[in-house]
Protein chains: 2
Amino acid sequence: MTLAITPERLASLFRPRSVALVGASNKSSFSRSAYNNLVEFGFADRTFLVNRRGAETHGRPTVTSCTRIGEPVDVAFMMVPQAGTLDALTDAAEAGIRNAVILSSGYGEAGEAGRAAQAELVAHAESLDVVLLGPNHLGFANFVDQVPVTPINGLPHRAGSVALLSQSGASSQAMLSFAGICGADLSSMVTLGNEAMITAGHVLDYLVDDEHTRAIAIFLETIRDPEVFRSAARRAAAAGKPVVVLKAGSSELAARTAAAHTGALVGDDRTIDAVFRDLGVIRVDSIEDMLITAGTAAQLGRLARPGIGVVSISGGACDILADRAEDLGAELPAFAESTEQALAEIMPPYGTIHNPLDVTGAAIIDPTIFTRAIEAVSADPGVGVVAVVNALPWQSDGRPYTGQVFADAIGDGIGRAQSPVVYVNQVLEPITAYTREVMAHARVPHAVPGLRQAVVALRNLAWWSETTRDAATPHEPRALPVPDSSARRGTWSESAARGLLADAGIPVVPAELVTSAQQAVRAAAGFGGPVALKIVSPGILHKSDIGGVRLGLAGDEAVAAAYEEVAAAGAKVPGATIEGVLVSPMRAGGTELLAGVVRDPQWGPVLAVALGGIFVEVLGDSALSPLPVTPARARQLLEGLRGAALLRGARGGEPADLDALADVIARVGDLALALGDDLESLEINPLRVAGNTVEALDAVVTWRNT
Amino acid sequence: MTLAITPERLASLFRPRSVALVGASNKSSFSRSAYNNLVEFGFADRTFLVNRRGAETHGRPTVTSCTRIGEPVDVAFMMVPQAGTLDALTDAAEAGIRNAVILSSGYGEAGEAGRAAQAELVAHAESLDVVLLGPNHLGFANFVDQVPVTPINGLPHRAGSVALLSQSGASSQAMLSFAGICGADLSSMVTLGNEAMITAGHVLDYLVDDEHTRAIAIFLETIRDPEVFRSAARRAAAAGKPVVVLKAGSSELAARTAAAHTGALVGDDRTIDAVFRDLGVIRVDSIEDMLITAGTAAQLGRLARPGIGVVSISGGACDILADRAEDLGAELPAFAESTEQALAEIMPPYGTIHNPLDVTGAAIIDPTIFTRAIEAVSADPGVGVVAVVNALPWQSDGRPYTGQVFADAIGDGIGRAQSPVVYVNQVLEPITAYTREVMAHARVPHAVPGLRQAVVALRNLAWWSETTRDAATPHEPRALPVPDSSARRGTWSESAARGLLADAGIPVVPAELVTSAQQAVRAAAGFGGPVALKIVSPGILHKSDIGGVRLGLAGDEAVAAAYEEVAAAGAKVPGATIEGVLVSPMRAGGTELLAGVVRDPQWGPVLAVALGGIFVEVLGDSALSPLPVTPARARQLLEGLRGAALLRGARGGEPADLDALADVIARVGDLALALGDDLESLEINPLRVAGNTVEALDAVVTWRNT
């Protein structure tokens with residue numbers, strides 16, 4: 001694409017001074033709804049209706065061409081059928097309109113012909129210097145400036161600080177509705193459709209600089225421009241704006257489905273997970289969690305620490321919260337002694353003082369127990385956010401709300417708190433105008449509906465807070481020596497791979513390349529103890545399969561005989577250049593891992609770490625991360641393996657020096673980055689660790705150039 | 001307890017002809033709320049107010065004693081403080097009242113003194129032949145007969161077919177509210193409190209026979225009477241009434257918390273999981289899922305098959321559903337060819353025909369696509385329920401609902417469907433009076449709010465439908481030969497344990513018990529190949545630790561020497577009676593498991609199965625089930641192990657004969673049952689399987705009598 005989609009350009013799209021409704025028609029429900037929205041939001045006087053026949057439409061006069069508007073217009077909102085779109089674009093461009101919102105379908109999502117039509121559309125728009133949103137979507141709405149360029153019904157008028165982006169038009173109305181229900185008021189809503197030009201990443205990038213947006217929720221089926229998305233997500237993290245993504249396609253079934261109706265690959269889901277983690281992008285698994293997390297994040301901002309302090313009047317709610325915190329990985333730290341002492345002054349004698357805190361029925365008699373407990377818990381040195389669990393009504397029964405006194409007491413606690421506080425409703429009830437009245441009276445700024453939802457939202461926010469705390473200062477990989485680029489071709493022999501690793505400071509088991517039985521015997525004697533012999537040839541990847549490996553050889557005779565066998569096996573492989581036979585000492589004990597880097601078609605080099613044996617073969621237990629990987633991150637990857645206990649010395653083994661191991665693994669990643677685009681894959685298998693000894697026992701390097 | 005809590009007795013409590021409000025007082029908000037509820041539900045003329053001083057209360061005359069009511073009363077609804085409760089009970093009993101609902105706290109949940117007070121309360125009630133609900137709770141409401149015996153505000157007037165039981169009073173109002181929101185209309189709501197007499201199991205047992213209740217939702221912190229609960233749950237399963245339980249205490253933190261505020265053990269959570277699974281009790285992890293599952297189950301009843309067919313107008317919703325179905329274990333079967341053919345007639349050419357089915361925007365033009373697609377999918381031979389995903393409004397914007405035509409088309413589809421159909425709202429919006437209007441117009445009987453929630457509810461219902469399909473005909477364990485009960489004492493030696501297993505038809509590796517080196521050599525020669533020698537003594541459980549085991553012995557000399565070493569090691573153990581040394585052949589290859597039965601203090605004998613080595617030691621990978629266990633269930637346990645691939649022949653091993661293995665494991669359970677209460681534990685470790693050879697290589701049996 002040649003046309004630059006800059007934030008300035010997107011500002012003229014998303015904050016237009018005026019809009020031309022092109023293809024306005026009384027017969028079209030889309031046209032009616034879109035026009036109604038513009039009227040309802042007070043934008044009628046900045047809206048121009050364009051109708052090919054010039055017929056009065058929606059009770060207003062129309063023009064037959066954009067060029068007849070006679071005033072500058074920022075956005076052409078196209079409701080014309082696919083067949084008329086190219087001409088309509090030409091007309092708009094002639095009128096000086098530089099942005100178009102294209103609703104019609106039948107493009108990239110509609111098979112081969114559709115993809116061709118979309119390519120033609122894009123080429124035409126580029127030739128006219130017009131930027132496109134869509135096609136096959138439902139427009140956008142800017143709630144801050146009150147500009148609805150969408151036919152979606154039931155738009156909220158209240159503006160907030162969450163931006164909602166969706167590749168699904170059909171689900172966007174439901175998302176809008178739920179955003180209102182859960183208190184995630186929106187700064188803007190953008191449906192993305194086929195993303196012929198403007199992708200999610202572009203809009204995200206624009207929103208990083210939008211002062212009204214504090215968190216961004218995105219529903220994605222595919223990430224069409226990984227580099228744009230990655231760079232925008234990095235900027236968002238550095239700017240302290242959480243990005244919360246519901247990415248479909250984690251199942252094989254959905255991946256196939258999404259590919260069918262978006263016409264794009266959804267990407268390998270484990271890689272997506274790893275990339276999101278690397279970028280500090282919060283991943284959720286439901287529309288509800290997406291919007292509740294985004295709303296909570298926009299309200300609370302970065303937490304100073306991950307611990308959640310819970311204050312509730314329901315013991316049952318405390319138990320549910322504790323259970324879900326454990327399941328879902330949220331932290332409910334034990335209270336500090338100072339907090340316990342403070343609470344002992346506040347709580348009734350029969351109460352139990354710990355986190356989660358059940359204030360007991362005594363708070364019904366004396367609601368200030370709530371107030372004071374919140375204050376005390378908010379001051380706990382381990383608590384980054386206080387979750388106060390209580391009821392919150394969504395509809396009036398016609399009488400004054402009997403629970404107002406408790407809400408007020410909680411609001412008082414929020415006013416005095418030293419950490420952010422969220423009011424958690426026990427169940428997922430809507431936050432209605434009536435709820436907001438109760439909250440306003442109590443001076444409660446934000447509420448989260450539902451215990452499970454609150455645990456998910458606060459865990460997500462805590463994770464984001466920690467992960468992106470230093471996002472503004474990215475990690476630079478180490479510069480490592482690399483071979484001349486002319487040598488980076490084909491597949492390297494184990495011997496050559498060993499040299500590459502050793503030069504990069506990655507410890508490699510000692511070995512000697514020999515070309516005779518006599519040399520082999522001498523090398524073995526030099527090492528002492530049993531040795532392994534392996535054929536060395538760039539043409540032989542699976543050495544064991546052809547009989548090119550002999551292990552545990554002790555004594556001159558055994559070594560000499562093995563040399564002859566291995567060499568003979570190598571000689572039988574047609575066309576393989578034999579470099580010799582590698583003699584190396586056998587290693588016993590310790591734990592074997594795999595560490596490697598492969599190239600993802602969307603996201604570039606990805607590091608994979610796994611424990612060998614049944615862990616990787618039976619359990620598929622591995623951890624991924626895009627590069628660069630710091631030693632600290634490499635350690636997290638190791639600790640996240642299901643078999644991590646083995647590294648910590650389970651089953652009586654010697655505990656591995658995790659820092660030493662993590663440093664080697666990070667170095668593997670740095671080496672792959674230093675090798676750049678020439679590298680196809682690099683795999684160390686096994687990588688052995690025993691105490692603080694870390695050694696590559698075998699490695700394969702393949703290059704993209706043959 | 002001597003007083004029998006029969007369903008008849010509970011009927012007089014939960015369906016009372018009249019209620020005495022004992023301790024009625026204008027000053028008590030509980031009294032006011034409780035009385036208001038009775039008035040609002042039209043029960044005022046069957047309510048009698050009892051006030052010690054006879055003061056007019058709630059605008060009505062009162063009597064000073066229940067004996068002055070002068071009419072038969074079924075329930076004394078006690079609002080008196082703890083100190084006056086015993087006297088009030090006596091008074092009520094004198095008036096012939098046989099049931100009491102005790103709200104006050106300060107009993108079992110309040111430390112040592114509280115537990116003593118509760119014991120006194122129970123003893124007193126028993127002496128009076130009065131049955132107690134509570135104490136420390138919020139009463140109950142019977143919505144079918146419109147009898148509210150509770151101070152909870154905001155009770156729904158609409159009656160439904162879900163019964164809600166809760167040990168948490170403080171959370172019950174939130175649960176009630178959410179039940180209304182999600183369309184799980186209630187037949188009754190019972191708060192259980194301390195369950196001094198009536199436990200959840202008793203109420204469940206009563207509800208099995210309640211014709212108005214089709215599903216039961218229960219929030220539990222503890223199961224106080226496991227046998228009553230188990231028997232009631234069995235009856236519910238046989239009667240086809242799903243029981244949905246949110247059981248707190250899965251985390252260590254919650255277990256401790258719950259123990260603190262209920263004064264009862266919460267039980268080992270993995271055992272609870274296994275027991276629920278065995279009983280067909282659906283376990284959920286949030287209030288929302290509890291009520292949505294129960295509401296859906298009450299509406300749909302048992303599904304003929306587990307497959308879910310999805311019809312939606314949103315491709316995004318299809319993807320989210322497919323992802324969550326995979327994560328959460330719901331089945332979205334591929335459509336049969338006949339279904340695909342039928343859909344090809346209905347769908348637009350650019351649509352993709354598979355499950356989940358995106359009907360595409362074509363359904364906006366022609367809503368009958370919805371109708372016809374539902375009909376076609378409902379006839380699919382793999383589909384047990386159809387989930388139709390669409391919007392469903394919760395509040396009117398003052399204009400006629402623009403989506404009514406689609407709801408109507410879906411309702412038409414439901415009318416023509418051959419399987420049950422649920423209408424799934426894309427997000428968790430409340431089902432309000434307005435929503436019900438839209439549904440009524442469309443003749444849609446039931447809706448589920450939210451995609452994730454729908455997947456959870458339908459998966460739960462599908463699981464329940466399969467698990468309890470044959471619940472009315474329980475499995476009888478095999479009768480197996482057992483040793484004389486006088487011999488069932490202490491810990492048995494390996495040799496004795498081998499005999500027990502062999503007599504029960506459990507294959508055991510051949511072995512010979514010898515008492516001299518010479519005999520050992522002869523025995524080894526008889527087996528051929530290498531052998532193992534193990535000391536045999538009931539006093540030596542950990543044979544390896546004392547040097548009492550030697551493995552892989554080949555040759556007469558090695559065997560003889562090993563005999564002397566093993567015997568000498570045994571002789572050094574003080575007080576151990578040495579029966580001899582066991583000689584058995586070494587086994588190579590195959591997979592080693594553990595199979596054993598232990599006694600849970602709450603639930604009795606529980607079978608545990610695990611793979612040996614890192615699976616159990618590093619991953620804690622094991623499966624539990626209460627007894628009896630059928631061979632089919634044993635096979636499920638094996639297949640549920642994380643390392644199950646190993647049994648199927650991963651890593652080049654021989655696939656295990658899972659049926660043979662499952663039969664042996666089921667037999668272990670049957671043997672434990674045959675041994676009855678004398679058995680403390682029985683463990684086979686290892687149990688080796690290689691192809692269709694299954695053999696116990698070692699076993700330990702301990703008895704409860706010393």
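Student: Does N390(A) count as buried or exposed?
Tutor: The model is a predicted one. The relative accessibility of N390(A) is 8%, and the cut-off for burial is under 20%. N390(A) therefore counts as buried.

Student: Where is the place of N390(A), and which residues does N390(A) touch, not counting those up to four places away in sequence?
Tutor: N390(A) belongs to strand β15 of chain A, which covers residues 385–390. With residues up to four places away in sequence left out, N390(A) touches I313(A), F370(A), F406(A), I410(A), Y423(A), V424(A), N425(A) and Q426(A).

Student: What percentage of the residues in chain A is buried?
Tutor: Chain A contains 24 helices and 28 strands. Its C-alpha trace spans about 100 × 80 × 40 Å along the principal axes. Of the 706 residues in chain A, the buried ones make up 59%.

Student: Which parts of chain A does the salt bridge of D129(A) and R9(A) tie together?
Tutor: The two side chains meet at 3.4 Å, N to O. D129(A) is partly exposed at a relative accessible area of 33%, whereas R9(A) is buried at 9%. The residues are 120 apart in sequence, so the pair ties together the loop between α4 (111–128) and β5 (131–133), which holds D129(A), and the helix that holds R9(A), α1 (residues 7–14).

Student: In the salt bridge of E695(A) and R587(A), what is the distance from N to O?
Tutor: This pair also links distant parts of chain A, with E695(A) in strand β27 (residues 693–696) and R587(A) in the loop between β22 (580–585) and β23 (591–600), 108 residues apart. E695(A) is buried, with a relative accessible area of 9%, while R587(A) is partly exposed at 32%. The N to O distance in their salt bridge is 2.7 Å.

Student: Why is strand β26 of chain B largely enclosed by the rest of the structure?
Tutor: Strand β26 of chain B runs over residues 679–690, twelve residues in total. It is largely enclosed because the number of these that are buried is nine.

Student: Which strands of chain B are joined to β26(B) by bridges?
Tutor: Strand β23 (residues 591–600) is joined to β26(B) by seven bridges, and T591(B) has V689(B) as its bridge partner. Strand β28 (residues 699–703) is joined by five, with L679(B) opposite W703(B). Strand β27 (residues 693–696) is joined by four, with L687(B) opposite A696(B). Each of these pairings is antiparallel, and the strands are β23(B), β28(B) and β27(B).

Student: In the hairpin of β26(B) and β27(B), which residue takes a positive phi?
Tutor: The hairpin has two residues between its strands. The residue with a phi near 60 degrees is G691(B).

Student: What area do chain B and chain A bury between them?
Tutor: The contact takes 72 residues from chain B and 72 residues from chain A. Carbon and sulfur atoms account for 57% of the buried area. The area itself is about 5,700 Å².

Student: How many salt bridges are counted between chain B and chain A?
Tutor: One that joins the two chains is between R399(B) and E40(A), at 3.3 Å, N to O. Polar contacts across the interface involve 24 residue pairs. The salt bridges between chain B and chain A number six.

Student: Which helix gives the largest share of the side of chain B that touches chain A?
Tutor: By class, that side has 30 nonpolar, 24 polar and 18 charged residues. The largest share is ten residues, from residues 315–328 of chain B, helix α11.

Student: Which residues do salt bridges that share partners join into one network?
Tutor: A search of the whole structure finds 76 salt bridges over all chains. One of them pairs R46(B) with D45(B) at 3.6 Å, N to O; R46(B) is partly exposed at 34% and D45(B) exposed at 61%. Salt bridges with shared partners form one network of D285(A), R324(B), D327(B) and R452(B).

Definitions and conventions
Residues are numbered from 1 along each chain as its sequence is written. Chains are lettered from A and ligands numbered from 1 in the order in which they are written. This is a predicted model: local features need pLDDT of at least 70, side-chain atom pairs count only at pLDDT 80 or more; totals for chains, interfaces and linings use all residues. Side-chain values use heavy atoms; hydrogens and water are left out. Contact means heavy atoms within 4.5 Å. Buried area is the accessible area (1.4 Å probe) that two parts lose on being put together, summed over both. A salt bridge is a side-chain nitrogen of Lys or Arg within 4 Å of a carboxyl oxygen of Asp or Glu. A polar contact is a pair of N or O atoms within 3.5 Å; within protein, one must be able to donate a hydrogen and the other to accept it, and residues adjacent in sequence count only if both atoms are side-chain atoms. Ala, Val, Leu, Ile, Met, Phe, Trp, Tyr, Cys and Pro count as nonpolar, Asp, Glu, Lys and Arg as charged, and the others, Gly among them, as polar. Buried means under 20% relative accessible area, exposed over 50%, partly exposed in between (1.4 Å probe, protein chains only). Two strands pair if DSSP finds at least two bridges between them.
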